[in-house]
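Dear colleague,

Please find below the structure that I am handing over to you, together with its sequence.

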Amino acid sequence: MIARLKLNIERYPVEAFFNRLSHEQFTSALRNFSNGRGYNPEDLTCFFPADVVEDEGGEEGDYDYIEFWEYSGNQEVRLKFHEFIEILKQASLSEIDLNSGSENEIRDLISKTENYLKTI
């Protein structure tokens with residue numbers, strides 16, 4: 001595990017989520033995000049509005065947040081889309097530093113994720 005982010009403690013599940021991801025998991029998560037889906041590495045989850053709709057009902061537009069959940073500590077954080085994108089960009093810069101050959105793919109997937117969230 002490589003520490004990618006240093007965030008405030010109240011954002012613990014978010015920091016733990018990104019720090020837990022290997023390079024392959026990070027790019028898999030980005031692919032999911034760019035298609036409007038969350039990602040679940042073990043006991044941490046990132047829910048996108050489409051994931052919440054599956055559990056709660058309604059429509060994607062009813063949910064204006066991305067939710068991070070840590071099961072063992074029963075901790076949850078909800079981020080507005082712009083907050084999520086800011087943190088995602090921070091994590092991506094760290095990932096690019098570690099795996100510079102993935103820069104174009106990472107930047108493309110972040111752009112697709114931003115565009116998707118703008119449509120909700």
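The notes below describe the packing of the helices and then the strands.

Please bear in mind that this is a predicted model.

I begin with helix α2 (residues 23–34) and helix α5 (residues 103–118), whose axes lie 8 Å apart at an angle of about 30°. Angles under 35 degrees count as roughly parallel, and α2 and α5 are therefore roughly parallel to each other. The crossing of α2 past α5 is left-handed. On the α2 side, the contact is made by F26, T27, L30, R31, F33 and S34, while α5 contributes E105, I106, L109, I110, K112, T113 and Y116. Sorted by class, this contact of α2 with α5 holds seven nonpolar, three polar and three charged residues.

Helix α5 also packs with helix α4 (residues 81–98): their axes come within 10 Å and cross at roughly 175°. This makes α4 roughly antiparallel to α5. Among the residues in the contact are F81, F84, I85 and L88 of α4, and I106, R107 and I110 of α5. The contact of α4 with α5 comprises nine nonpolar, two polar and five charged residues.

Turning to the strands, β1 (residues 44–47) is joined to β2 (residues 65–70) by four bridges, and the two run antiparallel. Opposite T45 stands W69 of β2. Which way do the residues of β1 point? L44 and C46 point one way and T45 and F47 the other way, and all are buried.

Yours sincerely

Technical notes
Residues numbered from 1 in each chain as written. Predicted model: local features only at pLDDT ≥ 70, side-chain atom pairs only at ≥ 80, totals over all residues. Heavy atoms only, no water. Axes fitted to C-alpha atoms, helices over the stretch in contact; angles between N-to-C directions. Parallel < 35°, antiparallel > 145°, perpendicular 65-115°, else oblique. Left-handed = near helix turned anticlockwise from the far one by under 90°. Contact = heavy atoms within 4.5 Å. Nonpolar A, V, L, I, M, F, W, Y, C, P; charged D, E, K, R; others polar. Buried < 20%, exposed > 50% of the residue type's maximum accessible area, 1.4 Å probe, protein only. Pairing = 2+ DSSP bridges.
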